[in-house]
Amino acid sequence: KGLKRLEYRGYDSAGIAMLQLIDFYFPYQNMKLELNIPVINTVKREVPADLETVPFDSSLMITRFKMFLDTLFHYMPNVELIALNIGNESDVYWGTDTAAVYRFRTFLDSVQPYAKSLYYNIHGEDLKVGTTICYGGLLDNNMKNVYQQLNAPHDIISLTYYPLLPGFQVASPT
């Protein structure tokens with residue numbers, strides 16, 4: 001939630017303080033993080049209000065996200081990342097809208113090298129960058145090829161798995 005307040009611009013003191021706290025605490029604990037920036041978070045977009053209707057493949061969205069990354073890495077120079085995921089369970093939000101997935105892929109393809117370069121310049125190591133999709137979306141017969149294309153150029157494939165049946169009943173372990 002604190003990171004959302006940064007909103008790619010207009011950084012408030014609480015958001016900056018949160019990044020500084022993260023930058024102090026986790027390196028002190030000798031912990032590496034996997035960071036997820038949920039620009040799409042399961043059922044909704046998590047972007048600043050003025051970007052709510054801006055397509056992900058637009059130069060404005062890409063530029064603003066790169067500015068967000070500049071700030072993020074500036075205030076967390078000591079945090080080591082295992083991976084950076086951009087988007088969380090986005091397949092739920094997209095449904096069967098393949099055009100939206102391809103717009104998001106353009107966004108990821110544009111911001112991934114930038115994030116990797118920023119991280120490498122600070123830490124001298126490569127950063128794995130990708131996105132998080134639900135297990136069901138990766139196996140969906142109508143969309144699995146689209147998600148394979150989305151994930152293909154990226155370094156990591158993250159997924160969430162909930163063993164649920166329709167109606168949120170827990171599936172049998174078998």
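The model is a predicted one.

1. The model has an open sheet of 5 strands in the order 2-1-3-4-5, with mixed pairing. Strand 2 and strand 5 are the edge strands; each has a single partner strand, so one side of each lacks a neighbour in the sheet. Helix 2 packs on the sheet and touches strand 1, strand 2 and strand 3, with its direction at about 150° to that of strand 1.

2. Strand 1 and strand 3. These two strands run parallel and are joined by 6 bridges.

3. Strand 4 and strand 5. This pair is parallel as well, with 5 bridges between the two strands. The bridge partner of I133 in strand 5 is L159. Strand 5 (residues 156-160) has I156, S158 and T160 on its covered face, while I157 and L159 lie on the uncovered one.

4. N36. This residue sits in strand 1. Not counting residues up to four places away in sequence, N36 touches N85, G87, N88 and T132. N36 and S158 are 122 residues apart in sequence, yet their C-alpha atoms are 10 Å apart in space.

5. Helix 2. This helix covers residues 59-75, 17 residues in total, and spans 24 Å from its first C-alpha to its last, close to the 24 Å expected. Its buried residues are M61, I62, R64, F65, F68, L69, T71, L72 and F73. An α-helix has 3.6 residues a turn, so residues three or four places apart point the same way. The buried residues of helix 2 pack against helix 1 (13-28), strand 1 (33-41), strand 2 (44-45), strand 3 (81-88) and helix 4 (98-123).

6. Nonpolar core. Which residues have the most contacts inside the largest nonpolar core? They are I86, F104 and F107, in a core of 41 residues. At least two residues each come from helix 1, strand 1, helix 2, strand 3, helix 4, strand 4 (128-134) and helix 6 (144-151). Helix 4 supplies the largest share, 9 residues. Not counting residues up to four places away in sequence, F107 touches V39, F56, M61, I62, F65 and I86.

7. H154. Leaving aside neighbours within four places in sequence, the contacts of H154 are L108, D109, Q112, V129 and G130.

8. Positive phi. N30 has a positive phi of about 60° and lies in the loop between helix 1 and strand 1. E89 has a positive phi of about 55° and lies in the loop between strand 3 and helix 3 (90-94). N30 counts as exposed, at 70% relative accessibility, whereas E89 counts as buried, at 6%.

9. P77. This residue is in the loop between helix 2 and strand 3. P77 is partly exposed, with a relative accessible area of 31%. Its contacts, not counting residues up to four places away in sequence, are D23, I122 and H123. P77 and D12 are 65 residues apart in sequence and 19 Å apart from C-alpha to C-alpha.

Conventions. Residues are numbered from 1 along each chain as its sequence is written. This is a predicted model: local features need pLDDT of at least 70, side-chain atom pairs count only at pLDDT 80 or more; totals for chains, interfaces and linings use all residues. Side-chain values use heavy atoms; hydrogens and water are left out. Helices (H or I, at least four residues) and strands (E, at least two) are DSSP runs, numbered from the N terminus. The expected span of a helix is 1.5 Å times one less than its number of residues. Buried means under 20% relative accessible area, exposed over 50%, partly exposed in between (1.4 Å probe, protein chains only). Contact means heavy atoms within 4.5 Å. A nonpolar core is a set of buried Ala, Val, Leu, Ile, Met, Phe, Trp, Tyr and Cys residues joined through side-chain atoms within 4.5 Å. Two strands pair if DSSP finds at least two bridges between them. Axes are lines fitted to C-alpha atoms, for helices over the stretch in contact, and angles run from 0 to 180 degrees between N-to-C directions.
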